[in-house]
Amino acid sequence: MPGVLPAGEPVPADGSLPASARASVGARGFGVYVHVPFCASRCGYCDFNTYTADELGGGTSREGYTDTVLAELALAARVLADAPPPRVETVFVGGGTPTLLPADDLARILDAIDRTWGLAADAEVTTEANPESVTPTSLKELRAAGFTRISLGMQSAAPGVLAVLDRRHSAGRATAAALEARDAGFDHVNLDLIYGTPGERAEDFAASLDQVVTAGVDHVSAYALIVEDGTRLAARMRRGELPYPDEDVAADRYLAAESALGAAGFSWYEVSNWARTPQARCRHNLLYWTGGDWWGLGPGAHSHVGGVRWWNVKHPAAYAQRLAAGESPGQAREVLTGDEAHMEDVMLRLRLAAGLPLDVLTDAGRAGAARALAEGLLDQPAHAAGRAVLTLRGRLLADAVVRDLLP
């Protein structure tokens, strides 16, 4: 089931933001995230804020969901009326499975964002999709609606691994969907992989990487399996039906990904993300990682504007009720202090191939960087040039390096 949202201070009923937050909207980029909380079935490892038809209950429906999202967009326009973003540089529709909504509904949302704030001429517009939820026809409709990028959840090419993860698509469907997306005219296509699933063999992951490369995509995301409390997978492990993930195996899989993707012409630009060219990098995620602003639409969606972060109520029915009453769906918010903003900046930017300037660190942090350098976790030429950039070994131990830089 969906995880728990953090605590925070109440969001004003009208969603208003402090004047300080509105003073520089979009100064470091502005994007829109749209959450579509519907899934045909729940994967065993997933604790995202998603709902199957059986889990949804009353008070909301897929059919009325687009109108509800547009109501929040209208509220957002009122909140930022005196300080609108210069333009919307990225839109990311995630879930859930956004492509369970008709392409016309997704097109309506995108058109409304454009009419509200204006899409940049070169805006990156992404939708996530499960491979079995798209067809050549629906992909062409999405491309015609203005979507430029699609991210497909492949996870693995091994049928046994897909079964452990409770994935519904066949082993070859993800790469077939990627080829269909290319044929439909998408500028950029991503495939997601998960590694370290119990029962996955080294040759299984190697086959997954080989399929990704031959599919002709220009972006790959690869994440170690995380076992979240409250999921079916966690319950199976507690009962002893499956072993817990092995950190050493996960490290081996990461090295295999770096080797195979590097040989195929991909370069890492974030610890878990590789792209064939700079243009193929996910600009929306880079906006998150570099301190940009974004408005998150939908139940459970998170937003960040001018140092204020807030998150919406989780259940689609409660979300719809708030908006029907003319109120913000925000459940709680926090105003980041200077120290909190600095900590997040270091944590996120260190994971990027560009790293971060050493001069943003405290004296203690620079001393920690020197220790990480001596241990081979930071790149020597980059450090000499005044930047903290992870080595390959440093990527495997990124969390430990963050602790060094934030003593």
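Colleague: What distance separates the centres of domain 1 and domain 2?

Modeller: Some ground rules come before the answer. This is a predicted model, in which local features need pLDDT of at least 70, side-chain atom pairs count only at pLDDT 80 or more, and totals for chains, interfaces and linings use all residues. Residues are numbered from 1 along each chain as its sequence is written, and side-chain values use heavy atoms, with hydrogens and water left out. Domain bounds come from an automatic or database domain assignment. Here domain 1 spans 19–290 and domain 2 spans 337–406. Their centres, taken over C-alpha atoms, are 28 Å apart.

Colleague: How many residues does the contact take from domain 1 and from domain 2?

Modeller: Contact means heavy atoms within 4.5 Å. Domain 1 gives 15 residues and domain 2 gives ten.

Colleague: How much area do domain 1 and domain 2 bury between them?

Modeller: The size of an interface is often given as the accessible area lost when the parts come together. Buried area uses a 1.4 Å probe and is summed over both parts. In this model it is about 1,200 Å², with 67% on carbon and sulfur atoms. On the side of domain 1, Trp268, Val271 and Trp289 lose the most area to domain 2. Together they make up 46% of what that side buries.

Colleague: How many salt bridges are there between domain 1 and domain 2?

Modeller: A salt bridge puts a side-chain nitrogen of Lys or Arg within 4 Å of a carboxyl oxygen of Asp or Glu. The count between the two domains is two. Arg351 also forms a salt bridge with Glu270; their closest N and O atoms are 2.7 Å apart.

Colleague: Which elements give two or more residues to the side of domain 1 that touches domain 2?

Modeller: Helices (H or I, at least four residues) and strands (E, at least two) are DSSP runs, numbered from the N terminus. The elements are helix H10 (247–263), strand S7 (267–270) and helix H11 (283–289). H10 supplies the largest share, four residues.

Colleague: Where do Gly96 and Gln155 lie?

Modeller: Backbone angles are worth a look too. Gly96 lies in the loop between strand S2 (88–95) and helix H4 (103–117). The peptide bond from Gly95 to Gly96 is cis, with omega near 15°. Gln155 belongs to strand S4 (residues 149–155). Its phi is near 70°, a positive value in a residue other than glycine.

Definitions and conventions: Buried area = accessible area lost by both parts, 1.4 Å probe.
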